[in-house]
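Please keep the sequence and the structure in view while reading.

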Amino acid sequence: FHRETYKKSQLMEMVERAGFIDYKYFDIIDGDSDPFDEERMKYFANAIEKYLQKAEALQNISFLEKKAKELRDRIDRVGIRWAPVMLAVCRKKP
């Protein structure tokens, strides 16, 4: 249901193979926001419901419903933050 994710080492390899030089990497981590922000929690609750509705035609929706409940329970317990981002700053070879 989402795009492929990569490990940090895989992303670094992609940058290096692309022929860039003088590359530096920075991790951007969402450590300052409130993990229990009502607007964000509502956004993800709506996203979960949206994907469950899309899956209604599937035969084994009970599995997804169970996973959705587990995810909702986890969000209620620990909150939610945005995923970490890796920023690569580099130059093209002359």
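Ser-33 belongs to the loop between E1 and H2, the helices (H or I, at least four residues) and strands (E, at least two) being DSSP runs that are numbered from the N terminus. When neighbours within four places in sequence are left aside, Ser-33 is in contact with Arg-40 and Arg-81, contact meaning heavy atoms within 4.5 Å.

The model is predicted, so that local features need pLDDT of at least 70 and side-chain atom pairs count only at pLDDT 80 or more, while totals for chains, interfaces and linings use all residues. Residues are numbered from 1 along each chain as its sequence is written, and side-chain values use heavy atoms, with hydrogens and water left out.

The structure holds seven salt bridges, each defined as a side-chain nitrogen of Lys or Arg within 4 Å of a carboxyl oxygen of Asp or Glu.

Another of them joins Lys-8 and Asp-27, whose closest N and O atoms are 2.9 Å apart. Because Lys-8 lies in helix H1 (residues 8-17) and Asp-27 in strand E1 (residues 20-28), this pair ties together parts that are 19 residues apart in sequence. Lys-8 is partly exposed, with a relative accessible area of 39%, and Asp-27 is likewise partly exposed, at 48%. A salt bridge also forms between the side chains of Asp-22 and Arg-91, at 2.3 Å from N to O. Asp-22 lies in strand E1 and Arg-91 in strand E2 (residues 85-92), so this pair ties together parts that are 69 residues apart in sequence. Asp-22 counts as partly exposed at 49% relative accessibility, and Arg-91 is partly exposed at 46%.

## A nonpolar patch on the strands

Phe-26, Ile-28, Val-85, Leu-87 and Val-89 form a nonpolar patch on the surface, with about 410 Å² of accessible area together; such areas come from the Shrake-Rupley method with a 1.4 Å probe, and for residues only the protein chains shown count as cover. Patches are made of residues with over 30% relative accessible area and no salt bridge, like charges being joined within 9 Å and nonpolar side chains (Val, Leu, Ile, Met, Phe, Trp, Tyr) within 5 Å. E1 and E2 each supply at least two residues of the patch, and the largest share, three residues, comes from E2. Ile-28, in strand E1, is partly exposed with a relative accessible area of 44%.

## Phe-36 in the loop

Phe-36 is placed in the loop between E1 and H2 and counts as partly exposed at 37% relative accessibility. Apart from its neighbours within four places in sequence, Phe-36 is in contact with Met-41, Ile-75, Asp-76, Arg-77, Val-78 and Gly-79. Phe-36 and Phe-63 are 27 residues apart in sequence and 26 Å apart in space, C-alpha to C-alpha.

Technical notes: Buried < 20%, exposed > 50% of the residue type's maximum accessible area, 1.4 Å probe, protein only.
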